Amino acid sequence: GTVQNAVNVANGSSIAPGAAGAIGTLTLDGGSTTAALLTMDSGASFTFDLGMAGASDQLIFWNFAAGDLVLNANAINVTDAQIGTYTLMSFYSDGGSTAVSNGDIDGFLFNLTVSGYNPAQYDAALSTSGNNIILTMTAVPEPSTWAMIVGGMGLLMFGQRLRRRSC
């Protein structure tokens, strides 16, 4: 859907672009308001469902201007975490065709943290790309994988040492 009014998300509340368990898009259109388009109080959060092949819930900001997104150390909660790269938010200076510059959104990353996933299974990293805020989920190697890597390196070093002695 599309919202054309200023939105304030209170402490303890969350904004979710899609219905629970379904990928969705929420467009916030700043064309008819002079107030901040989205204000996230301290303790408020975003909730994004992640899907296969990089599909996820998405917030789109139209007619975005400086001051339209107010963050207060907010969390991005992810559900159905899996490996992939996801576009969570996109920012446009008009109705969806002119992207804002990367410099206009870089500062938002300092006020966002990612939660709702198992850090023993995944690493989560936020970044910007063009006019988008991107979430990248990668797998954390299991202890047995690390053991194989270290063991393999040990065998290589042992082989090198034997080769040096025989020369």
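I looked up Ala-73 and found that this residue counts as exposed, at 61% relative accessibility; exposed means over 50% relative accessible area, buried under 20%, and partly exposed in between (1.4 Å probe, protein chains only). The model is predicted: local features need pLDDT of at least 70, side-chain atom pairs count only at pLDDT 80 or more, and totals for chains, interfaces and linings use all residues. Residues are numbered from 1 along each chain as its sequence is written, and side-chain values use heavy atoms, with hydrogens and water left out.

I placed Ala-73 in the loop between β8 and β9; strands (E, at least two residues) are DSSP runs, numbered from the N terminus. The phi of Ala-73 is near 50 degrees, a positive value in a residue other than glycine. I noted that most residues other than glycine have a negative phi.

I then turned to Asn-63, whose phi is also positive, near 50 degrees. Asn-63 lies in the loop between β7 (58-62) and β8 (69-70), and is partly exposed, with a relative accessible area of 27%.

Next I traced an open sheet of 3 strands, ordered β2-β5-β8 with parallel pairing; two strands pair if DSSP finds at least two bridges between them. β2 (7-9) and β8 stand at the edges with a single partner strand each, so one side of each lacks a neighbour in the sheet. Between β5 (residues 38-40) and β8 I found 2 bridges, and Thr-39 stands opposite Val-70 in β8.

Last, I followed β9 (residues 74-79), which pairs with β11 in the parallel sense over 4 bridges. Asn-74 has Leu-112 in β11 as its bridge partner.
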